[in-house]
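This report describes selected local features of a predicted model.

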Amino acid sequence: FYYAGFSLPGETRLDFHSSQLFRELPPPWMSFAGITAHHLANWYANNRFCGACGGRMTPKEEERALACPACATSVYPRISPAVIVGVVNGSRLLLTRYANRPYRNYALIAGFVEVGETLEDAAHREVFEETGVRVKNLSYYKSQPWGFSGSLLAGFFAELDGSPELNIDSNELEDAQWLGAEDIPLHDDGVSLTGEMMQVFRHRYLLA
């Protein structure tokens with residue numbers, strides 16, 4: 001959440017908005033700046049005290065970090081690696097909708113990398129856990145910092161390996177569908193990697 005302020009004659013007004021507003025705040029660089037600020041604000045709020053001795057943390061002057069004057073422990077902004085996977089089945093792409101989350105549009109499969117995992121292992125695991133299908137021939141697309149979850153996303157396209165039958169994890173997903181390029185929603189907020197990858201796939205087949 002954040003406060004947006006503006007002045008009226010003789011007063012200053014503050015409005016309270018959900019951080020989801022940053023998904024569509026024009027221009028795109030403004031959205032990215034807001035998302036990044038949200039990431040840092042959460043980090044500062046959650047690291048006020050030292051995890052080693054309980055002392056009060058203070059900002060370091062020479063770099064973006066917090067330090068404990070009592071035991072000299074330094075803490076840097078937490079960035080969690082995560083993967084996002086566009087699963088391709090011929091001319092169809094696997095799209096999902098999250099369960100119980102503010103974002104209601106279709107997206108690609110995504111999840112955090114676990115301790116001891118490679119990015120590729122995480123991609124295989126997340127796809128299977130959430131939808132019950134297996135993938136092969138992963139192809140790296142690009143990365144993106146994503147401040148909503150404090151993560152760095154690594155985007156992959158992958159081919160379906162075996163049966164296309166879906167068995168979704170209802171704790172994570174509300175819906176999952178194989179959609180042809182012509183049926184992929186046109187909505188792209190210009191900010192999220194999932195929206196960009198969906199449109200890349202769509203254009204690849206419609207313009208072929």
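## Aromatic contacts and backbone features

Helix α3 (residues 193-206) contains both Phe201 and Tyr205, which are 4 residues apart, about one turn of the helix. Phe201 is buried, with a relative accessible area of 0%, whereas Tyr205 is partly exposed at 34%.

The structure holds 5 aromatic pairs. Two of them are listed below.

| Pair | Geometry | Centre to centre | Angle between planes |
|---|---|---|---|
| Tyr141 and Phe157 | edge-to-face | 5.8 Å | 75 degrees |
| Phe201 and Tyr205 | tilted | 4.8 Å | 50 degrees |

Tyr141 belongs to strand β9 and Phe157 to strand β10, so their pair ties together parts that are 16 residues apart in sequence. Tyr141 is partly exposed, with a relative accessible area of 27%; Phe157 is buried, at 8%. Phe157 also has Arg204 over its face, at 5.1 Å from the ring centre. A further arrangement of this kind involves Arg97, which lies over the face of Tyr106 at 4.2 Å from the ring centre.

Strands β9 (residues 135-146) and β10 (residues 151-160) run antiparallel and are joined by 9 bridges. Pro145 has Leu152 in β10 as its bridge partner. The hairpin has 4 residues between the strands, and Gly150 there takes a positive phi near 60 degrees.

Most residues other than glycine have a negative phi. Asn137, in strand β9, has a positive phi near 50 degrees. Ala72 likewise has a positive phi, of about 70 degrees. Ala72 is located in the loop between β4 (66-67) and β5 (74-75) and is exposed, with a relative accessible area of 61%.

Terms used:
Residues numbered from 1 in each chain as written. Predicted model: local features only at pLDDT ≥ 70, side-chain atom pairs only at ≥ 80, totals over all residues. Heavy atoms only, no water. Pairing = 2+ DSSP bridges. Helix = DSSP H or I, 4+ residues; strand = E, 2+ residues; numbered from the N terminus. Buried < 20%, exposed > 50% of the residue type's maximum accessible area, 1.4 Å probe, protein only. Phe/Tyr/Trp six-rings, centres within 6.5 Å; stacked < 30°, edge-to-face > 60°. Lys NZ or Arg CZ within 6 Å of the ring centre and 35° of its normal.
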